[in-house]
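This report describes one protein in plain terms. Look at the sequence and the structure first, then read on.

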Amino acid sequence: MEARSFSQRSPAGLWTLIALASLILMITMGIRQTVGLFVHPILHSTTMSIAEVSRARAIGQLMWGAVQPLFGAWADKRGACGVLVLGAVLIALGQIGTLWASSFLPLTLAQGLLSPAGAAAGSFSVLIGIVASRLPSDKGSVASGMINAGGSLGQFIFAPLIQLIVSLRGAASGLLFLAFAALATIIPSWFLCRNNEKPAVARALPSTADEPGLKQQIRVAFRDRSYLLLHAGFLTCGFHVAFLTTHLPGEVSLCGHDASVSAISLSLIGLCNIVGSIFAGFLGKRYPMKYILAVLYASRAVLIIAFLLSSKSELAFYIFACAIGLTWLATVPPTAGIVGKLFGTRYLATLFGFTLFSHQIGAFFGAWLGGVAMQYAGNLDWVWYADIALALLAALINLPIKEKNIAVPLKADAA
């Protein structure tokens, strides 16, 4: 009874949780989505090639996804406070380590291991898991959209701010600013955990016969066809997002534009994704979320084709950024919503963490292959074509998903 009353918060209390989670994600995602602005300063100050820098970033994409389920399970079982604090410290260490990264291995340690692992600890799966577990199931998609919008706001704020700092004070000042910003998330994390951690009584209560354990729920999830299809579609989303965040500055440079065009474009993507994320979250209350995902993925293919056929002027980059921003991470609320529909919110941080790992497998290839294309072809054309094909494939993959397939505990497996 105590555990139930603990979760029944006032509307004001729930909005406070959403605001705190959004603030944390704003900073962690703002840092993560603007690291691409340091690619050219790194190339100019070291002897590394674009392929080496892209490979380090690609490893970071994979790491960000690989540790999501681990941090999600930690938060689900032990509480999220330690996860969020550790994440802040790791992000800060990653930015500081980049200051001395003059070759591939140190850069991989800083931006391929430390920083992405820290960003994973303060990312969607943990934060959405904290809030969704305190909400009715029909409001989970809306909350996911609001929290996700916080991450987009971070990109909108951080991209021009970091570009300004780098222009005025150099890349080192930009990295130090990101390190201090990461450590600042410890404060809202403490308030979020203070208001939301499960009490000792609730943690001590044994699982009932009708409630699966974590390992059992994972087995059930990976036997569910809809969950696996969701993974496959989200993988292509990762390819798209990582390719653009890492190599859009390179495309801007190839077209002869100033670096500020890259910063403004990334900022516009973040700004428009605020609208896209919130809108996708509210649509998830009215329409099947698999159709929302299909439309988002298909629209990306159309937008990229239009961009490739455009004049590639500064205005074309800005229009493309605004349009693609509406679909950018608007896929997160319906994806998290489907996972919640299939399996409930008890282990949402863990199960959505696995989904994000699939996202980051795609991200690995998006960041890496973009660098390979630049190194050997001198342009990004064939990666753009691959992105179009994957977006169309993702749209088709989501259509067979069955959102009402509520998993039943397999008691035989638990024995």
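Is Ser226 buried or exposed? Ser226 is buried, as its relative accessible area is 5%; buried means under 20%, exposed over 50% and partly exposed in between, with a 1.4 Å probe and protein chains only.

## Basis of the report

The model is predicted: local features need pLDDT of at least 70 and side-chain atom pairs count only at pLDDT 80 or more, while totals for chains, interfaces and linings use all residues. Residues are numbered from 1 along each chain as its sequence is written, and side-chain values use heavy atoms, with hydrogens and water left out.

## Overall make-up

The protein has 21 helices and 0 strands. Both are DSSP runs numbered from the N terminus: helices are H or I with at least four residues, and strands are E with at least two. Of the 415 residues in the protein, 56% are buried.

Contact means heavy atoms within 4.5 Å. Among the contacts with a separation of 6 or more, 86% join residues 24 or more positions apart.

Ser226 belongs to helix α14, which covers residues 225-254. Apart from its neighbours within four places in sequence, Ser226 touches Leu342, Ile401 and Lys402.

Phe307 is part of helix α16, residues 289-308. Its relative accessibility is 3%, so Phe307 counts as buried.

Asp76 sits in helix α5. Asp76 is buried too, because its relative accessible area is 9%. Along the chain, Asp76 and Ile130 are 54 residues apart, and their C-alpha atoms are separated by 8.4 Å.

## Two helix pairs

Two packed helices are described by the angle between their axes and the distance between the axes. Axes are lines fitted to C-alpha atoms, for helices over the stretch in contact, and angles run from 0 to 180 degrees between N-to-C directions.

Helix α5 (residues 68-78) packs with helix α6 (residues 81-98) at an angle of about 140 degrees, and their axes are 8 Å apart. Phe71, Trp74 and Ala75 of α5 meet Gly82, Val83 and Leu86 of α6. This contact has 5 nonpolar residues, 1 polar and no charged. Here Ala, Val, Leu, Ile, Met, Phe, Trp, Tyr, Cys and Pro count as nonpolar, Asp, Glu, Lys and Arg as charged, and the others, Gly among them, as polar.

Helix α18 (residues 332-343) and helix α19 (residues 348-376) cross at roughly 125 degrees, and their axes come within 10 Å. That angle makes α18 oblique to α19; angles under 35 degrees count as roughly parallel, over 145 as roughly antiparallel, 65 to 115 as roughly perpendicular and the rest as oblique. On the α18 side, the contact is made by Val332, Thr335, Ala336, Val339, Gly340 and Phe343, and on the α19 side by Leu348, Leu351, Phe352 and Thr355. These residues divide into 7 nonpolar, 3 polar and no charged.

## Nonpolar cores

A nonpolar core is a set of buried Ala, Val, Leu, Ile, Met, Phe, Trp, Tyr and Cys residues joined through side-chain atoms within 4.5 Å. The largest has 111 residues, and Phe124, Leu127 and Phe352 have the most contacts inside it. A second, separate core has 5 residues, including Ala58, Ala363, Phe364 and Ala367.
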